[in-house]
Amino acid sequence: MTILFALGYSLNLLTLLALVLAIGLVVDDAIVVVENIYRHMEEGMSARDAALQGAREIAAPVIAMTITLAAVYAPIGFVSGLTGSLFREFAFTLAGSVVVSGLSRSPCRR
């Protein structure tokens, strides 16, 4: 929210829609990570070892999904005209929140 206000964006229906969509995308990524960790636990690994191994294995796909989502939604903010001005806040809010979320939950962090 602080970033939204720093960019001069207001909290309106489109920014809220972008945040709700970003939450769905983040939950989808989290499910992928948890399923991979659970698979290792079913194979007999301890929870700690499964979490470390699963996070290492899934790091590249999580980073790729984050970059892809940002690359898909950010260009919408550069569209000119009435449509561009309408969706500018939506596009940059969605792309920014996905990037911030990807950086904060990256399995590569220590």
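Phe78 is exposed in this predicted model, with a relative accessibility of 64% (buried means under 20% relative accessible area, exposed over 50%, and partly exposed in between, with a 1.4 Å probe and protein chains only). Residues are numbered from 1 along each chain as its sequence is written. Because the model is predicted, local features need pLDDT of at least 70, side-chain atom pairs count only at pLDDT 80 or more, and totals for chains, interfaces and linings use all residues, while side-chain values use heavy atoms, with hydrogens and water left out.

Aromatic pairs were defined by rings of Phe, Tyr and Trp (its six-membered ring) with centres within 6.5 Å; planes under 30 degrees apart count as stacked, over 60 as edge-to-face and the rest as tilted. Phe78 is located in the loop between helix H3 (47–73) and helix H4 (81–104), and Phe92 in helix H4, so the pair ties together parts that are 14 residues apart in sequence. Helices are DSSP runs (H or I, at least four residues), numbered from the N terminus. Phe92 is partly exposed, at 23%.

Phe87 and Phe90 form an edge-to-face pair, with 6.1 Å between centres and 75° between planes. Phe87 is partly exposed at 30%, whereas Phe90 is buried at 10%.

Phe90 also belongs to the largest nonpolar core, which has eight residues, including Leu94 (a nonpolar core is a set of buried Ala, Val, Leu, Ile, Met, Phe, Trp, Tyr and Cys residues joined through side-chain atoms within 4.5 Å).

Technical notes:
Helix = DSSP H or I, 4+ residues; strand = E, 2+ residues; numbered from the N terminus.
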